[in-house]
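The exercises below go through one structure, each with a worked solution. Please have the sequence and the coordinates open.

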Amino acid sequence: MATTTHTVTNQPPPLVGYDVFTADHVLTEAVERHLPLDLLDDARRELSSLGTTAGSVQAQEWGFLANENPPELRTHDRYGHRIDQVDFHPAWHRLLGHAVTNGLTNAWGRPGGHVRRAAGFLVWTQTEAGHGCPLSMTHAAVPALRTDPALAAEWEPKLTSQIYEGEETTRPAADKSGVLFGMGMTEKQGGSDVRANTTTATPVEGGDAYALTGHKWFCSAPMSDAFLVLAQAPGGLTCFLVPRVLEGGERNVFRIQRLKDKLGNRSNASSEVEFDGTWARRVGEEGRGVRTIIEMVAATRLDCVVGSAALMRQAVAQAVHHAAYRGAFGGLLIDKPLMRNVLADLALESEAATVLAMRLAAAYDSDGEQDRAFLRLAVPAAKYWVTKRCTPVTAEALECLGGNGYVEESGMPRLLRESPLNSIWEGSGNVQALDVLRALQREPRALNAFLEEVGGARGADHRLDGAIKDLLAELADLEGVEARARRLVERMALVLQGSLLVRWAPPAVADAFCASRLGGDWGAAFGTLPHTLDLASVVERARAVV
């Protein structure tokens with residue numbers, strides 16, 4: 001006779017069956033703040049529909065399946081022909097297809113396009129982050145291609161199409177209604193120092209055609225239809241477009257040596273590739289490859305900020321949800337003063353990341369001279385800081401679930417493994433800090449625009465005013481600045497976040513952020529906010545109510 005040893009109690013329900021967009025007060029407010037009134041209703045409907053799918057059981061299952069069944073490389077067919085094909089689980093195609101059909105590669109030239117896309121990217125990649133890589137590169141390729149009007153006319157309609165044909169990888173791009181782009185910059189011997197690249201480009205057939213010979217150490221999403229790569233042409237480092245399949249249907253020489261065995265981002269294929277007489281078309285002038293591809297890099301860096309904000313939001317939402325249902329020591333965790341302090345501290349970090357990411361997206365939509373100058377400093381500063389905060393936030397949020405958070409079924413380990421990625425890709429921390437220094441030393445207009453932005457909140461909070469004063473003192477003396485570049489860039493990012501929160505966040509959020517991040521009333525770990533703050537309001541604001 002069967003016996004019952006126990007019944008399951010005091011376990012929170014799964015965080016599913018909710019609208020990821022409308023449950024995020026910070027994001028919905030940002031969309032309302034940055035979009036013109038005539039676009040708001042359509043944007044809300046579009047993002048709510050995406051958010052409802054993102055919060056569904058089905059979409060969350062896609063995320064698990066795509067990571068439990070990572071891509072597989074097939075270098076040859078059964079007869080020994082080289083095919084260099086990467087096979088993906090159907091769940092990957094469901095995730096990527098839904099993203100493309102919902103406009104996550106279509107921001108350029110669309111009214112409010114960058115705000116709408118950034119919000120959608122932040123919502124949808126909470127289901128699974130790996131497929132955000134091809135989405136980001138496809139979106140970001142547009143400004144690089146616009147340096148060549150003929151190339152832009154040929155490729156941009158397919159890049160911004162909302163038709164997903166990614167499962168069909170052996171057809172020429174000319175025969176497809178929608179395409180995906182990848183990027184290949186780094187090589188073994190150089191990494192971020194792309195001027196050390198050794199891949200060569202030899203002119204052929206006259207005109208803009210070249211043959212590439214060499215390798216790329218990191219080439220993500222190798223199943224894409226085309227790639228922007230850097231190679232050494234006779235005139236110096238140059239940008240090239242490499243199609244995966246040539247116009248006649250023949251596979252271009254694109255030899256995938258292996259797929260990377262990565263810490264996280266398991267659903268996405270990152271590869272090492274070799275070129276051997278690979279056909280390519282020049283993009284921009286010879287010797288100006290970095291300048292040509294830099295706008296693509298800037299756009300992908302913004303996506304690193306948005307992607308980290310998405311990871312933080314999902315981690316914090318899971319932690320608050322768990323604490324709202326889990327009882328311990330005579331009450332719910334969310335009502336315990338110490339847990340409330342931890343959750344509020346995490347929520348501040350998440351809100352600051354989201355507000356900053358959406359402000360940058362709005363600057364892209366504006367495209368005015370002032371906002372372009374602002375982005376020159378704000379993007380690398382935000383990329384440096386927000387992506388660095390992602391890992392400690394995610395780790396602390398996991399701890400809020402205790403042992404439940406340490407098991408794979410919770411989804412928290414996948415978030416934690418993903419969390420360092422955006423800090424590394426598209427230039428690690430030192431690269432971002434040096435980029436900020438370069439802009440400070442060479443582009444005074446960028447600093448003026450940055451200071452005008454943070455000055456918009458001056459006089460509203462004495463701790464913010466003090467932080468701005470200290471920052472100005474640091475900026476006044478750039479002698480020997482490289483050794484303290486990280487400190488300077490961190491301070492710039494925090495002052496910018498503080499300024500945005502003082503202007504736009506509820507008083508409880510702005511007060512807590514300024515007291516801790518700018519006023520110094522904070523410990524070295526999360527959960528060390530001043531106890532006199534209105535922490536309950538901060539936590540409740542971060543809760544995703546199903």
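**Exercise 1.** What should the twelve residues of helix 4 (residues 90-101) span at 1.5 Å a residue, and how far apart are its end C-alpha atoms?

Solution. This is a predicted model, in which local features need pLDDT of at least 70 and side-chain atom pairs count only at pLDDT 80 or more, while totals for chains, interfaces and linings use all residues. Residues are numbered from 1 along each chain as its sequence is written, and side-chain values use heavy atoms, with hydrogens and water left out.

Step 1: helices (H or I, at least four residues) and strands (E, at least two) are DSSP runs, numbered from the N terminus. Step 2: the expected span is 1.5 Å times one less than the number of residues. Step 3: for helix 4 this gives 16 Å, and the end C-alpha atoms are 16 Å apart, so the two values agree.

**Exercise 2.** Determine which residues of helix 4 are buried and what they pack against.

Solution. Step 1: buried means under 20% relative accessible area, exposed over 50%, and partly exposed in between (1.4 Å probe, protein chains only). Step 2: the buried residues of helix 4 are Ala91, Trp92, His93, Leu95, Leu96, Gly97, Ala99 and Val100. Step 3: with contact taken as heavy atoms within 4.5 Å, these buried residues pack against helix 3 (57-68), helix 5 (113-124) and helix 6 (132-145). Step 4: just after helix 4, Gly103 has a positive phi of about 85°.

**Exercise 3.** Is Glu168 buried, exposed or partly exposed?

Solution. Step 1: Glu168 sits in the loop between helix 7 (149-159) and strand 3 (181-184). Step 2: its relative accessibility is 32%, so Glu168 counts as partly exposed. Step 3: the side chains of Glu168 and Thr170 are joined by a polar contact of 2.9 Å. Step 4: Met223 is 55 residues from Glu168 along the chain, with 9.5 Å between their C-alpha atoms.

**Exercise 4.** Which element gives the most residues to the lining of the largest cavity?

Solution. Step 1: on a 1 Å grid over the protein atoms alone, a cavity is a set of points where a 1.4 Å probe fits but cannot get out, and lining residues have an atom within 4 Å of a point. Grid points are joined across faces, edges and corners, and a volume is the space filled by probe spheres set on the points. Step 2: there are eight cavities of 30 Å³ or more, and the largest has a volume of about 80 Å³. Step 3: helix 8 (289-325), helix 9 (337-366) and helix 19 (535-542) each give two or more residues to the lining of the largest cavity. Step 4: helix 9 gives the most, with four residues.

Conventions
On a 1 Å grid over the protein atoms alone, a cavity is a set of points where a 1.4 Å probe fits but cannot get out, and a pocket is an open set with protein on both sides within 12 Å along at least five of seven lines; lining residues have an atom within 4 Å of a point. A polar contact is a pair of N or O atoms within 3.5 Å; within protein, one must be able to donate a hydrogen and the other to accept it, and residues adjacent in sequence count only if both atoms are side-chain atoms.
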